[in-house]
Amino acid sequence: MRIVVALGGNALLHRGERPDATVQQANIDGVAAALAALAQEHEVVVTHGNGPQIGLLAMESEADPALSAPYPLDLLGAQTQGMIGSLLVRALHAALPGRRIAALVTHTLVRADDPAFDRPTKFVGQVYSRDLAEKLARKRGWHIARDTTGWRRVVPSPAPERILETDTVHDLLDLGALVICAGGGGVPVTADRGSSALNGVEAVIDKDLTAALLAEDLKADFLLILTDVPCVYEGYGTPDQRPLPGATPADLRQGGFPDGSMGPKTEAAARFVERTGGLAAIGALDAAYEIVHGRSGTLVRPDLTAG
């Protein structure tokens with residue numbers, strides 16, 4: 001079975017943790033252990049988030065006196081792909097000795113006129129108190145929004161139209177490689193009409209929506225979205241909260257999940273299942289094997305009564 005795995009940025013750097021390299025290495029060692037059992041039995045492609053990491057690099061870039069202007073988000077996204085990809089390659093080599101593993105810097109085409117550029121929703125960076133977030137927003141020209149535990153910077157998140165290196169991923173899979181790609185949703189680029197030139201844009205693409213598109217293009221059987229909660233919850237954070245062990249795309253679309261957290265995950269799962277008839281699931285990183293085998297998480301199946 002071909003499985004595309006989407007790792008959440010918070011699965012790599014947990015909420016409230018210091019963003020030290022040693023902390024992320026330890027977390028990624030846990031990621032490798034969780035994925036190794038799947039990779040022993042299935043063909044695996046791994047994508048990952050980069051919200052905490054790109055936020056950190058953006059802060060460092062803005063504070064660097066050697067720069068006349070901060071690095072743009074597209075280049076910072078490329079940096080996070082290289083950093084996280086390298087950490088994953090090292091950890092997976094240790095967990096899967098003898099296996100071919102490749103990390104690929106990936107570019108994702110978006111529309112220059114996507115309305116998302118006027119409505120930032122993608123969380124990046126660390127969580128702040130409201131007072132500090134508002135102070136930083138005034139100082140740095142940020143947009144901010146409330147996250148589950150505080151306030152964070154938000155940036156535009158245009159919809160992925162096409163992953164430019166999909167054919168290369170196909171080739172690597174044919175060679176038997178476990179492929180790490182589309183990190184942070186891919187480096188966001190636009191194309192000039194009538195030209196092959198690519199232009200980076202100030203955005204961070206949602207990695208779950210990119211993972212769904214990648215899984216569709218690769219003709220994957222299963223889209224596995226891993227995060228820091230065990231499943232999708234109806235009424236999350238309310239007295240009526242309850243786990244959702246199974247759902248159809250229609251069920252997820254009626255759930256009213258928020259844009260900045262579970263919303264893109266449920267939408268990605270719904271799109272993949274609708275467009276391919278395959279299966280998707282959302283759940284906790286350390287239960288990856290159990291989720292694929294139907295013992296944990298929220299499993300999303302086609303609605304066999306639709307149409």
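How many bridges join strand β4 to strand β10, and in which sense do the two run? Three bridges link β4 (residues 107-109) with β10 (residues 187-191), and these strands run parallel. Within that pairing, Leu109 has Val189 of β10 as its bridge partner. Strands here are DSSP runs of E with at least two residues, helices are runs of H or I with at least four, and both are numbered from the N terminus. Two strands pair if DSSP finds at least two bridges between them.

A word on the ground rules. The model is a predicted one, so local features need pLDDT of at least 70 and side-chain atom pairs count only at pLDDT 80 or more, while totals for chains, interfaces and linings use all residues. Residues are numbered from 1 along each chain as its sequence is written, and side-chain values use heavy atoms, with hydrogens and water left out.

Back to the sheets. β4 and β10 belong to an open sheet of four strands, ordered β8-β4-β10-β11, with mixed pairing. Its edges are β8 (162-163) and β11 (198-200), each of which pairs on one side only. Another open sheet has eight strands in the order β3-β9-β2-β1-β12-β16-β17-β15, again with mixed pairing. The edge strands there are β3 (101-103) and β15 (246-247), each pairing on one side only. Inside this sheet, β12 (residues 222-227) and β16 (residues 279-284) run parallel and are joined by six bridges; Phe222 stands opposite Leu279 in β16. Then there is a hairpin: β6 and β7 form it with four residues between them. β6 pairs with β7 (residues 151-155) in the antiparallel sense over four bridges, and Ile144 has Arg153 of β7 as its bridge partner.

Helix α7 (residues 207-217) lies across β1 (2-7), β2 (43-48) and β12, running at about 170 degrees to β1. Axes are lines fitted to C-alpha atoms, for helices over the stretch in contact, and angles run from 0 to 180 degrees between N-to-C directions. α7 also meets α9 (residues 262-276): their axes come within 8 Å and cross at roughly 15 degrees. The two helices are therefore roughly parallel to each other (angles under 35 degrees count as roughly parallel, over 145 as roughly antiparallel, 65 to 115 as roughly perpendicular and the rest as oblique). α7 passes α9 in a right-handed crossing, meaning that the near helix is turned clockwise from the far one by less than a right angle, anticlockwise being left-handed. On the α7 side the contact (heavy atoms within 4.5 Å) is made by Lys207, Asp208, Leu209, Ala212, Ala215 and Glu216, and on the α9 side the residues include Arg271, Phe272 and Arg275. The residues of this contact divide into six nonpolar, one polar and seven charged.

Helix α4 (residues 73-95) packs against two other helices, α2 and α3. The axes of α2 (residues 21-41) and α4 come within 9 Å and cross at roughly 50 degrees, which makes α2 oblique to α4. This crossing is right-handed, and among the residues that make the contact are Ile28 and Leu35 of α2 and Leu87 and Ala91 of α4. The contact of α2 with α4 splits into 12 nonpolar, two polar and two charged residues. α3 (residues 51-63) packs on α4 at an angle of about 125 degrees, with the axes 9 Å apart, so α3 is oblique to α4 as well. The crossing of α3 and α4 is right-handed. Gln53, Ile54, Leu57 and Ala58 supply the α3 side, facing α4 residues that include Leu76 and Thr80. Here the division is seven nonpolar, four polar and no charged. Met83 and Ile84 of α4 take part in the contact with α2 and in the contact with α3.

Lastly, the aromatics. A search of the whole structure turns up one aromatic pair. The rings of Tyr128 and Trp142 have their centres 6.3 Å apart and their planes at 40 degrees, so the pair is tilted (rings of Phe, Tyr and Trp, the latter by its six-membered ring, pair if their centres lie within 6.5 Å; planes under 30 degrees apart count as stacked, over 60 as edge-to-face and the rest as tilted). Tyr128 lies in β5 (residues 122-128) and Trp142 in the loop between α5 (130-140) and β6 (143-146), so the pair ties together parts that are 14 residues apart in sequence.

Terms used:
Ala, Val, Leu, Ile, Met, Phe, Trp, Tyr, Cys and Pro count as nonpolar, Asp, Glu, Lys and Arg as charged, and the others, Gly among them, as polar.
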